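User: I'd like to learn how to read a two-chain model. Could you take me through it step by step?

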Amino acid sequence: MHVPDGFLDAPTSVATGVVAAAGVGVALRKARAELDDRTAPMAGLVAAFVFAGQMINFPVGAGTSGHLLGGALAAVLVGPWTGALCISVVLLVQSLFMADGGLTALGTNITLMGLVGVFVGYGAFRLALAVLPRKLGSVPLAAALGAFVSVPAAATVFSVLFAIGGTADIATGKVFAAMVGWHLVIGLGEAVITGLVVSAVVASRPDLVHGARGLAGRRPLLAGEVVA
Amino acid sequence: MGAGHGHRLHFHGHSVVHRAPAHLKILLLLGFVLTVVATPREWYPVFGAYLAVLLGVVLLAQVPLGYLLPRMVVEVPFLVFAALMPLVAEGPRVVVPVGGWELSLSESGLLGAWGLVAKGTLGVLASLTLAATTEPADVLRGLQRLRMPDLLVQIMGFMIRYLDVVTSDLGRMVTAMRSRGVDPRSPRHWPALARTLGALFVRSYERGERVHLAMLSRGYDGKLPEAVQ
């Protein structure tokens, strides 16, 4: 999934690097406004969670497997800014410490998965939530929809980048059809898993789900005798 | 915690490369991969020179190649893509006989595939060399010296510190699932897997809250004290 060195030419890589740096800079400020001095440990732990979640593979067909990208999942669980920050940190660590995704392609990877994946996913989630009935049960459904949209959206932006700075002479239409077609299938897996995970968290700790704020309602404190 | 706090790729050593300041190594790596990516792929001998330089550094670092090569599997999906490229790319084609069949390959596709394989492989090997010769804490200090925002370095630090805790948490949950007859890969068992991931999120989030409180009680004011060597 991670774009390696040499896939896109140097100018495109540098340009996406600038976009990614600007995006991460804004996300840093917004996340700090949301989490204040809890930012470092909370974002760090959520990033570790996203990394662990990405270790789960699911079969996509033809003997290959995809793995959870987690952009929409992180956005729904901790909010889009913190989510974008977490995904970007995951990509940074994977690139610097695990050689997963090229260092020159880091900007591209952060732009695709950390920015496009998270914000398109979150936008679709918000839209779906506005249409669906205002209740807690709508949150997982909207999250699944957001996840489904986010994966082909990232693939579409990749096709555009490849048309601009690709290092191979493949017709743009072909790249687009292959990338988006393939990622629609991956998006289905992403959607199902994201929806189920969000529904599991909503069932146990709805107060932790950023996307469910205002829907969880106040649970009255029950006091009374317990008859055992 | 039953988890080791070792670093998956680090290869312990005391060579010149191990001891070199991390920020220099990061800058050199970035310069190297940028140069490789910017080199026109028709300059075949230059890529040989790059590889020679890289192998020289690996030799100097005394990291066995047998240690690095198996870790290059991260590159495999893109090798598959590169292998497909001559088949789907446009432009004039050359016919290559392969065991009785005649394979029509695109010339520009072949060139593109070569560029991908050469540049991708050099990039992965160079990144692996940095990871193998530099402790994570040193990489973080290096990034700090390179003026990466302090908060970002802190988040990376926390992620790395708790990575093994969180992944082995998941590992134990998956073991528990398997011992009850669940196959985490099968879509039939996704609901169980998703509940596991949901629980992992709640655990990680709550661990973050506890870590934050523990830090506050030790006087955390938004900055981490300089790590003592």
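User: What share of the 229 residues of chain B count as buried?

Analyst: This is a predicted model, where local features need pLDDT of at least 70, side-chain atom pairs count only at pLDDT 80 or more, and totals for chains, interfaces and linings use all residues. Residues are numbered from 1 along each chain as its sequence is written, while chains are lettered from A and ligands numbered from 1 in the order in which they are written. A residue is buried if 20 or more other C-beta atoms, placed from the backbone, lie within 10 Å of its own, exposed if 12 or fewer, and partly exposed in between. In chain B, 35% of the 229 residues are buried.

User: Why is chain B described as more spread out than a compact globule?

Analyst: Compare the radius of gyration, taken over C-alpha atoms, with the globule rule, 2.2 Å times the number of residues to the power 0.38. Chain B has a radius of 23 Å, well over the 17 Å that the rule gives for 229 residues, so it is more spread out than a compact globule. Its C-alpha atoms fill a box of roughly 70 × 50 × 30 Å along the principal axes.

User: How many helices and strands does chain B have?

Analyst: Helices (H or I, at least four residues) and strands (E, at least two) are DSSP runs, numbered from the N terminus. Chain B has nine helices and two strands.

User: Which residues of α7(B) are buried?

Analyst: Helix α7 of chain B spans residues 136–145, and seven of its 10 residues are buried. They are B:Pro136, B:Asp138, B:Val139, B:Leu140, B:Arg141, B:Gly142 and B:Leu143. These buried residues pack against α4 of chain A, as well as α2 (22–38) and α8 (150–179) of chain B; for contacts, the C-beta atoms, placed from the backbone, must lie within 7 Å. After α7(B) comes B:Arg147, with a positive phi near 70°.

User: What does A:Leu92 touch?

Analyst: A:Leu92 sits in helix α4 of chain A. Leaving out residues up to four places away in sequence, A:Leu92 touches A:Leu106 and B:Met156. A:Leu92 counts as buried because 25 C-beta neighbours lie inside 10 Å.

Conventions:
Contact = placed C-beta atoms within 7 Å.
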